[in-house]
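Work each one out first, then compare your steps with the solution.

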Protein chains: 2
Amino acid sequence: MAALDHILADIDRDLDGSLERLFALLRIPSISTDPAYAAECRRAAEWLRGDLAAIGFEASLSETGGHPVVLAHHQKPGAPHVLFYGHYDVQPVDPLDLWETPPFEPRMARLDDGRTVISARGACDDKGQVMTFIEACRAWKAVEGDLPVGVTILIEGAEENGSEHLPEWVAANRDALKADLALVCDTGMWDRDTPAITSSLRGLAYFEVFVTCADRDLHSGLFGGAAANPIRVLSRIVADLHDADGRVTLPGFYDGVRDTPPEVLAQWRDLDLTPESFLGTVGLSLPAGERGRMLIEQIQSRPTCDVNGIVGGYTGEGTKTVIAARASAKISFRLVDDQDPEALAESFRAFVQARIPADCSVEIVTHKGSRAIALPFDMPALNAAKAALAQEWGRAPVTIGSGGSIPIVGDFKRSLGLDTLLVGFGLDDDRVHSPNEKYDLQSFHKGTRSWARILAALAA
Amino acid sequence: MAALDHILADIDRDLDGSLERLFALLRIPSISTDPAYAAECRRAAEWLRGDLAAIGFEASLSETGGHPVVLAHHQKPGAPHVLFYGHYDVQPVDPLDLWETPPFEPRMARLDDGRTVISARGACDDKGQVMTFIEACRAWKAVEGDLPVGVTILIEGAEENGSEHLPEWVAANRDALKADLALVCDTGMWDRDTPAITSSLRGLAYFEVFVTCADRDLHSGLFGGAAANPIRVLSRIVADLHDADGRVTLPGFYDGVRDTPPEVLAQWRDLDLTPESFLGTVGLSLPAGERGRMLIEQIQSRPTCDVNGIVGGYTGEGTKTVIAARASAKISFRLVDDQDPEALAESFRAFVQARIPADCSVEIVTHKGSRAIALPFDMPALNAAKAALAQEWGRAPVTIGSGGSIPIVGDFKRSLGLDTLLVGFGLDDDRVHSPNEKYDLQSFHKGTRSWARILAALAA
């Protein structure tokens, strides 16, 4: 029996013990957004520090200006070194009355389809996911007395609150975070039986547009027909941003967007992501993106534009015959490949300005943008992780792009020069951020086994 | 000296007395929207009843379910009978700290340009305007012991609060309101020296559109590019409502819109309403209506479409990457001539529905619409009033359309079969509904003289 088999057997044998530890962590209401729970956040950090020290890590808390960071090291000179990232803070629990059982009293539950799940706030996001990695390390240490690679574990406590202090903390702690590769366990599987590696994250450009026409609200009876209406101006801008084929019309928008390699497209085609399975869960059925693109491309590899909010004029009950002086919209773009947020901002500004009547004015607020992030498709660590996941799950993992952004990944790249491998075991029905959050027992158990295998694979 | 000259001389002689009476009425804080002032409203009504009785009217208060109505009759068998309408209630006074002197302590003031004005809440809207008519009646009675026509005076107390009970009250009091013509004194002059008769009121059709796409708010990172966005759907609808020439694109929209007679157009052209004079006061300069139409047509004789409000998605501070489940807009149309609000509602519904993606839904709320109202250009009473005003002001009055609606005019037509002649002496700078409301002494004095002349002219 090879070392890895012993380790996997140890994980199986100690499943109850690992659940007990996870439950202990889940019982701590470490809600980062509410100052009333600051002591609980620190208690969760302290619990993790203690647990990591018990395994044999050199573990400490580090102050950030907000909730502390848990930092733990296992040195292995000569071997590759990985930096694992997760977070111990959780989302608020309101509305509390929608929870079937109290959010911080974790329990095992059985779903109608037979699945066993761990139910609690943070069961998946991100305590359950973090513990898959820690339990994998524990098993390695228990069986081998060592880990196959050097490991630094960084667990922050403010992810659900915007990780305000983390970028600065990372930049200030470059030496302590030295590694060859970053690992993040905060993403999901493709489906219940198919593991996934998130190899790209879309970037973001976010603008707020404030259109001002008259210098006061006007009566539409008196001025209707003669006075410029900022809601009309804004609606025209929004409507003009897409053509009839769903493509974004901003000049130069698609500069830097690369074609997806045919073999990746073929893989995606095989996945057969249907509108029913993806959009059906939220009450929709028709992909609204670029015509001629697969749904999976629309959400992963293609850049998009969305209006995130709009407001102007009278929005209360009933009617008011007003022509507003001002209207505003929040408009954002998801970026891929080499799209440049700054070039986009310039193009957007010109596009909007060209649609403002000469006697009206516009203010455009540009929020900090981020470029897209993508792992090279041929990166060795990516292939090692793929092989390990395939062995555990009995089928090849899917390499997917995430439509969202995980800002820390950009910081790892910028501050530490690290690529990040994102492997997670969440499922679409985990209700993260919602009442009755859960994590499948299979995700927790096979997730732990997966990390044990990945650690081995990364050493090779 | 003809009777009318004596009456006008009496008005001049008694100007101080008429101002004293107006001031007494202005001192009563008859704010109809605030229940705390209900007794003051009744006191204003009682004051008017007493004043009208003193002149010789058969005057009483009539209960409406809200503030009482003042109803006064002067019968003149064999002569035409007019129904005069005004309101004794006033707007709230906040923000109080912007008033130069207390709103219910009326005073005479001198403007920088030499005009003498009456300053108080209600000085113009509508106590000052109402008293021009009553003082004209008083002078007629004082000099002639009679009025030249039969007169019913109806002064309500809830105009600033939507006249909630009035339509029902009017319908229930048809017999008491029997007349040949209605007169309303709640409108304005063309400019300081040019009187105006408002001979048409635009109608209104008002819709609320609620677009629902997904069954919950979505994360734009995950769903952006694939999920329909209700703000985009709504913006497209709003943008599509006008073509590049500013014309409304709804099929059949212009059915029932008549050409303005060339002589009226010529009169309007002579008025030379410039963008500077009209739009310049609110910080605009470019007429935004139908291309090829004069500004005065855009605001008076042409139907229009405006978005009065829009809201969807995240509208708070900063950014949120959300795709809203729902967005809504309030969209209204100003109608002219024979445009049919019901036909419009049908066309609008089809127009909107055609722009809703098949997997999204829309709810359209149709508010009670009103047709446009227009006096026949050749109506005898209109011509009589024009001649009377021309004599008083030394220049021909302008016949204008009002972009707004005065709902009671529709009720007079519907319930009583009456056309309404709208003559008023307000000016654009009267600050009605705002702090430091005023009424020019000239408006009050020459307004009273104007009504004395109009009453004579209507008897002829």
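Predicted model: local features only at pLDDT ≥ 70, side-chain atom pairs only at ≥ 80, totals over all residues.

**Exercise 1.** In which sense do strand 5 and strand 18 of chain B pair, and over how many bridges?

*Solution.* Step 1: strand 5 (residues 116-119) of chain B pairs with strand 18 in the antiparallel sense, over three bridges. Strands here are DSSP runs of E with at least two residues, and helices are runs of H or I with at least four, numbered from the N terminus; two strands pair if DSSP finds at least two bridges between them. Step 2: look for B:S119, whose bridge partner in strand 18 is B:K438.

Residues are numbered from 1 along each chain as written, chains are lettered from A and ligands numbered from 1 in written order, and side-chain values use heavy atoms, without hydrogens and water.

**Exercise 2.** How many residues of chain B are in contact with chain A?

*Solution.* Step 1: 69 residues of chain B are in contact with 70 residues of chain A. Step 2: find strand 11 of chain B, which gives the most to that side of chain B, with 10 residues. Step 3: follow the five bridges that join strand 11 (residues 304-313) of chain A to strand 11 of chain B, running antiparallel. There, A:G313 stands opposite B:G309.

Note on methods:
Contact = heavy atoms within 4.5 Å.
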